[in-house]
Every structure is written in C-alpha cells, then in structure tokens.
Amino acid sequence: MFHSRVLFSLYTLLQLWTKATGVDDRQFPSNFKFGVATASYQVEGAWDEDGKGENIWDHLTHTTPDLIYDGSNGDIACDSYHKLEEDLALIKDLGVDFYRLSLSWSRILPTGHIDGQINEAGVAYYEDILTKLQENDIQAMVTLYHWDLPQPLQEHMGGWLNDTIVDVYGNYARLAFDLFGDKVQYWATFNEPHVVCQQGYESGRKAPAITKAPGIDLYTCAHMVLKSHAKAYHIYDSEYRATQKGKISIVLNTNWYEPVSDDEKDLEAAERNGQFSFGWFANPIVHGNYPQVMIDRIGERSEKEGFDKSRLPEFTSQEIEDIKGTYDFIGLNHYTTSLAEWIEDYEIGEPSSNKDISVKGSLDDSWESSASSWLKVVPWGIRKLTKWIKDTYNNPEIIITENGFSDNGDTLDDPRRINYYREYLSSLLEAIYDDGVNVTAYTAWSLMDNFEWLQGYSEKFGFYSVNFSDPDRPRTPKTSVKYYKTVLETRCLVEECVE
Ligand code: GBE
C-alpha cells in the first residue's frame, strides 16, 4: 500500500516535471527506427593503406594544414579501418536498428574510375562491416559520397564542375550496388550537396576549397550532383531494386529559417532562404526543377551583371523527367535554426550566392550554444521544418539522417548533449503525432568523436569519446550512451510513456 503510494506520487511528480519541461510522453511508433552515423573520412584513418587512393580531403589537409583549426587531418582519425570489431561492439551496445556509414570512394576505386583497379582490400573492409551488421540484425544505411572525392577526379577533370563526372559517379554507384547491395537497406547518393557545392566551390570551407568563381561554380556543381544523383537512382531502380529491395535517396541539410518578425517581408525572406538551401535540391527531386524563386532571381541578376545566360544552369526537359521523383524518402540532416530578415537586394556587381539569396541571417542570443558557432539548441525548429517539408514537398517519407550536439569534450559527463537529444526528439514526436509528418527514422550524429572537417578534433559530437593522443585511439562511453540506449529500449523520452 505504502509502496504503491510512494510510487504513485513519484510518478505524478515525474508527470508534472515532464509537463513543466515540455518533454513529450508519447511513445514513438512501433515501426520507427533509430540509428547512429559516421562518415568515412571522419573516422577511418588508414589514408594511404592497402591500396587506398588519395582523395580531396587527404589532399587539402596535407597541402594546407593551416586551414584546419588544429592543423590536424584524417590520416588516422579514429582508426576505424583497423577497429572494425571494436566499433561494431559500440554499435551493438547502443542497440540501434541501423548504422549509417559512408564509403570512401578512393578506398574502393583508387583513381575514382571503374576502369582503374578495384582495390580488393577496400572492398573487403566494407564487405566485412556490412556482413557483421547483418549477422547482428543491424540494418545498413550507406552514403556513397560524404565529401571524399578521389583526388584524380579533381585534378584531371575539375571534380563536380565537369559533366563527365555524371557517368564516372554512375559507374562507381553501380559497382557499390553490385558489391554491397544485398546487405544495404538504405542508400544515400550524396551527403549534403549544399555543403559540397556552396562550401567546396564558393566559400572554400570544404575541399576542394575552390573560390574562384562565386555565384557560378556552386550552381554548376549542384547541377552535376543532381544529374549524378538521378543517374545512380535509376541504375538502382532498374538494375538492383527488384532483387535487393532497398530504398534510395539523397541526404539534404538545412537549418530551419525562422522569420525575425511576422512582417510579410520577413516571412518572404525566410521562405526564400529555405528555397535557396533545401529547395535547391529538394525541388528538382520532388517537382522536377529548381525553385522558381531561384530561377527568377539568379536569372534577373545574371542579366543585369551582363551574362548572356543565367548563372543557374538550365535542365533540359529530358533531364527534368530524369530527376523528378528520384527519392524513396527524403534524408534530412538538421542541427539548428537561424533567423531570417528581409533586406534590400544587393547592388549589382561581382556575383555571389549570398547576394542572390539576399537575406540577413542571425542567431538569437537567448538560444543555448554548443561548441560549434553555428549550432544553437532550438528544438522547436525540427518540428517547424519537418512540417514545412511535408507541406512543400507532397508529404514525403522523411528520415532524419543526422542530428546532434557538439561540446569540447572536457568531461565524459555530457548532460547538455542528453538535453539536446531529449528536446529535439520530443519536438519530433509532436511533428509526428500533432502535425502528421511522416518521419520514419532518426539518426544521431555521431557514434564517436571524430575529425570535424575544418574544426579538426576540437568540436566533438560523439556518444563515445576517443582519445586522439593515444595511438590505440581507445573509445570511452559518455553519459549520453546510457541515455540513448534507454530511449531505444523504451522508444520514449520519459519514464512512463503513453502508447
Ligand atoms: C554535418 O553537416 C556533416 O554531414 C557531418 O559530416 C558533420 O560532422 C556534422 O554536420 C557536424 O558538423 O564557417 O563555413 O564552417 C558552417 C552539417 C556552417 C551541416 C553548414 C555547419 C552546414 C554544418 C559555417 N555549416 N552544416 S563555416
């Protein structure tokens, strides 16, 4: 009697507490899946071992270490290439339904080309991971391209600016389907083409760090990436889907752009920001072409700048047909929200993509920060964003392919990461149940601390901490491991949840 009353009041307190903190007490749908992610260059290391070719990140970090915050590189990273069993144990321990990883193109095809040599050791490495995942009932979500282009394709062809890459990429994709497709449930053709093109070919904040034609190269890059994506999709669709029965799509990243006021103009600016970021890729894939606002604005500005045609390339009607519908779900990498404010269009002058968008972005000082300057904790953003995607892109199946929080890794106790996950997942429950958004899976970034691109090893997103000064790269669980495990076991965010 006494016992049950104590329990009852504890339960009531908990309910009150979750109400107060606003954590949703509903259970995730029974078929909802949880996963965890990494990417090849960020974890594998073994950059020149066993026949792997050089890629653009090897090249960038070796030639311009000053670009990297701590002068570091991915030569060894988490040494995952040599630690397959260990990584697998971590993945298993978390209890995830799937593991998202990416293939290092140059580990499989050292020159990037199918008619160069296939590197058997590289193939064996992925074969091994995928087999072991399968043996452990963990599904595989495989990204074909998470930014590590074989260096020869950059050097000899100009990377994503050259039309011939579409076939080269298509051949690589076919080889991957052929070799691994029987063990892969989800394929992603590209991780974050926005970053690949805007940072790789305009801001210079990602390899190949080309900045010579702002307002031009990034759009060419995106054009090639979209055509390459469609190529791979159709290869899978016509040659492999029937036997391999997986799903294939692309992974797009975007902030939620919150209008800074409810002034009509700020609403328009926020919408435009979303169209120029997510819509740049989602619109072609879902509706067949670039967003009208991009076509119009870039077209007009190009003309005034004296170009004889738009800096935004045009798809032929055949290409539109080929690209439209090339998704079985939409992969969404979402971390944070920013504010969008209407501003007067920029004067005509040197082109740039920022001038094309012409929106003033900012962050709210009251939002909790992380170790990454761009990443603020704004949980309601994921709900608004997924609802906007539902409304704008025909209610697609959405898979959250990345979401996570960075700190500087001072302690293994990481309550702020736990809080981030709790709040974002809670907001996602509201999206699912209150807004009817079709989100079917969620992927946390990341399994372990890893090479955070230009930030080197200074910003940490992992559930497991990695000691990068120890040659053995030992992994140690943070407190958030326990938290994520509990979420996966209970499929809910509170102690007693409503089914
Ligand atoms: C993902 O991208 C990546 O897929 C993953 O590889 C990475 O580890 C993870 O994020 C954590 O960062 O001054 O140009 O550097 C950068 C997230 C703004 C996408 C925009 C931040 C894209 C990360 C500002 N970006 N974003 S700066």
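**Notebook: a buried-or-exposed check, salt bridges and a helix pair**

I began with Lys-384, which is partly exposed at a relative accessible area of 35% (buried means under 20%, exposed over 50%, partly exposed in between, with a 1.4 Å probe and protein chains only). I noted that this is a predicted model, where local features need pLDDT of at least 70, side-chain atom pairs count only at pLDDT 80 or more, and totals for chains, interfaces and linings use all residues. Residues are numbered from 1 along each chain as its sequence is written, and side-chain values use heavy atoms, leaving out hydrogens and water.

Next I looked up the partner of Lys-384: its side chain meets Glu-258 in a salt bridge, 3.2 Å from N to O (a side-chain nitrogen of Lys or Arg within 4 Å of a carboxyl oxygen of Asp or Glu). Glu-258 sits in strand 6 and Lys-384 in helix 15, 126 residues apart (helices, H or I, of at least four residues and strands, E, of at least two are DSSP runs, numbered from the N terminus). Glu-258 counts as buried, at 15%.

I then checked Asp-414 and Arg-417, whose closest N and O atoms are 2.9 Å apart in a salt bridge. Asp-414 is buried at 2%, and Arg-417 is buried at 0%. How many salt bridges does the whole structure hold? My search found 34.

Last, I turned to helices 10 and 11. Residues in helix 10, including Leu-218 and His-229, meet residues in helix 11, among them Phe-276 and Trp-280 (contact means heavy atoms within 4.5 Å).
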